[in-house]
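The following exercises are to be worked with the sequence and the coordinates at hand. Each task is followed by a solution in steps.

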Amino acid sequence: MIGFSTRLSFAFRCFFSLLFEGKIPQDIVRVLTTSNAEVEPVAARAAPQAQAQKVAGDKLMPESADRAVQMLALLQRDGRLVDFLQEDVSSYPDGQLGAAVRSIHISCRQALDRYMKLEPILSSEEDHPVTVPVGFDPAAIKLVGNVAGEPPIRGLLRHRGWRVAAVTLPSMPLGSGRAIVAPAEVEIP
Amino acid sequence: MDSEFIVGIDLGTTNSALAYCDSAAALEGARIEVATIPQVVNPNEVADRTLLPSFLYIPGDMDFPKGSLSLPWDAEPKFVIGELARKRGAESPGRLVASAKSWLSHAGANRTAPILPWQAPEEISKLSPVEVSSQYLQYLRTIWDTHHVAGGKGHALAKQDVFLTVPASFDEEARELTRRAAEQAGLQRVTLLEEPQAAFYAWLESQGDSWRKRVKVGDLVLVCDVGGGTTDFSLITVSEENGDLALKRVAVGEHILLGGDNMDLALARLLQQKLEVEGRRIDPYQLQGLWHQCRSAKEYLFEHTKSQKQDVTLLGKGRKLVGGTIKTELLRQELNRILVEGFFPKVASGDMPARQRRIGFQELGLPYAADAAVTKHLARFLSQQVQNNPESANIRRGRGGLACPTHVLFNGGVMKADMLRERLVEVLNSWLTEEGFETLGPQNVLDAPDLEHAVARGAAYYGRARRGQGVRIRSGASRTYYIGIESAMPAVPGMEAPLKALCVVPFGMEEGTEAIMPDREFGLVVGEPAEFRFLSSTIRKQDRVGDLLENWGSEIEELSPLDVTLTLAGQQGTVLPVRLESRVTEIGTLELWCASRDGANRWKLELNIREKSGQ
């Protein structure tokens, strides 16, 4: 079993990668497929759609991917985020888009607040000087510009960064529910 | 033996809450805590809340994925109760029970028969209003027991003193049904308390001893409770007893089915009309969304008094999210017109609410108030409740005979809005001026903190007060009760023998007191069931025990009959003369007894609640 923090980071990377590129990062697939013999590499490498079909059969996606889908499903349920990203908005006037976005923004933000506690990595004001300490974590602090010398280094804070302080996701749906981002709705007259 | 905890439960029309305090620590003035109530808020998601929405959804096989409703203490609950029930009910109303409490007090319905959800599809096995109320209490009991008993303390809720609140306007039938619901839920030590009193107790708790500085002898406090579904008024007098201030609840209003939900719906209807003028069609599903959005927009405008409008956006359905988005706005001017002028209009104290029931609402089953004007209902309350009140000497009255409060205590979610409070005080002040009194200022408005939990907290405070820790409001019977006696007259075909009413419990009869009707005896046959007709009045407050009335117009209404069967060994079939005794118990219940002439045997009359015809 992979450690929790790694799973968490995988979950996020999968989430955004699925969202914006439609695929799961290869390195994650490799780690997961070697650690979890149940899942065949072919299935994991396939497109998400094919995976969903696979899941609808019998086998489950790895837990980390399930959690990514779950977060997406929560943002969709409470904030309609997937509907929004999947819609071609190029033809709408700004006013119409603005009205929708305002509403989506409020509800997605509420969902985010509910399930994930986010905090800035550095708490100083942006565009103010900060000191990068000895032994800093390059994953948490990215140096840009004239990167040279030894820490501690003085620089200007350009972005405070975000870190997840706590995740309070609800329990996972069972079986096929894990691949569902939003159920189809059928109204019975 | 005293219980370890004192528990207050607010079984509300739209939300319920539970507060408690440790009775061992009561002597040092223990803090009253509000309980967290875990509940399913979405499929697969259990979250802690401090309110339990009083909604019950009866799930079918097609409603939720298997296992998605499981609670920590129940893997497959039969009903969904709380937040998810409310949400899901908006999508599938046929399986939702809402406002069960209003059904409890609706004499036109058969309240012990499975009638809810009202107009549910046939395959659903329905519940009675009593069962639904009992389900909510059972839910709270399970949470309590899971928390306290599993924690190894062994303090089951069944063994605690529970103070359960009911609207002051509940009659003896509705109170009896509430007691039965508590009994069915396994609560063994229940005392009923009126909600407006509980709200006042919450204020007392928040004030500590300094409440004595806020009110003085001769003051009259109006408790104005406008919740999600109902409006309830009470009057409390401040008098002097043994050199200390004493409080007494002297009047209660009628049951008015009018509240915040009506207000939000009125706003949603307005915006629906606006959109339809623009050529948009709003389907019932979108109206739900509009309703919800109107509530948020309303709260925003109430909070941000400088904003002139708030956007209301309905996202498109299906995948055309942005394309189908409908945008409109709620203007402050509209909010004022609909809510302030519509529900709290400036009216004269003589303006009475329209009595007729609105046709369109009838199909919903509940007798909703015909007039939406809260201020008119208040005018009726203040003018009507004081007539013939035995306490009238202590009630401040003006030139026109109107009861004139010196203080107002607000309760209920609607009254959180400053605009509405101000309006209500403004209207009240116009009446006070007319009646020749000074107007009320901010110091005359008593603020109970934490309106959402005030009633539950107040109930727990009352429990503590009963053990000698705090001041108590004396209340007594909220109505006058009568036994119907058919006149001995020659029968006329097609006409019922005229009914006389014998007063057995006068208005205000105090807790822990008894009354005997010595002059009147009834001959009852031993071993055979006897039935007494039972009546009550909210208006006739002057009648004394033993008074016999003949013509009362519409001032008295009939309740379910009282049944009694005399059992006496070896006396089967003999006629036994008995007299009636009445009693208001310490736990706020009403009891009627038949006693034999020598007083050696007594039989209790039981309220036989059943469906009444002709409604």
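**Exercise 1: a helix of chain B**

Helix α3 of chain B (residues 129-148) has 20 residues and reaches 29 Å from its first C-alpha to its last, close to the 28 Å expected at 1.5 Å a residue. The model is a predicted one, in which local features need pLDDT of at least 70, side-chain atom pairs count only at pLDDT 80 or more, and totals for chains, interfaces and linings use all residues. Residues are numbered from 1 along each chain as its sequence is written, while chains are lettered from A and ligands numbered from 1 in the order in which they are written.

Step 1. The expected span is 1.5 Å times one less than the number of residues in the helix. Helices (H or I, at least four residues) and strands (E, at least two) are DSSP runs, numbered from the N terminus.

Step 2. A residue is buried if 20 or more other C-beta atoms lie within 10 Å of its own, with C-beta atoms placed from the backbone.

**Exercise 2: a strand and its partners**

Task: Determine which strands pair with β12(B), and whether its faces are covered or open.

Step 1. Two strands pair if DSSP finds at least two bridges between them. Strand β13 (residues 231-241) of chain B runs antiparallel to β12(B) and is joined to it by 7 bridges; V223(B) stands opposite S234(B) there. The two strands form a hairpin with 4 residues between them.

Step 2. With strand β17 (residues 407-411) of chain B, β12(B) pairs in the parallel sense over 5 bridges. Here L222(B) stands opposite V408(B).

Step 3. In a regular strand the side chains alternate between the two faces of the sheet. In β12(B), L220(B), L222(B), C224(B) and V226(B) lie on one side and V221(B), V223(B) and D225(B) on the other; all are buried, and both faces are covered.

Methods. Buried ≥ 20, exposed ≤ 12 C-beta atoms within 10 Å, placed from the backbone.
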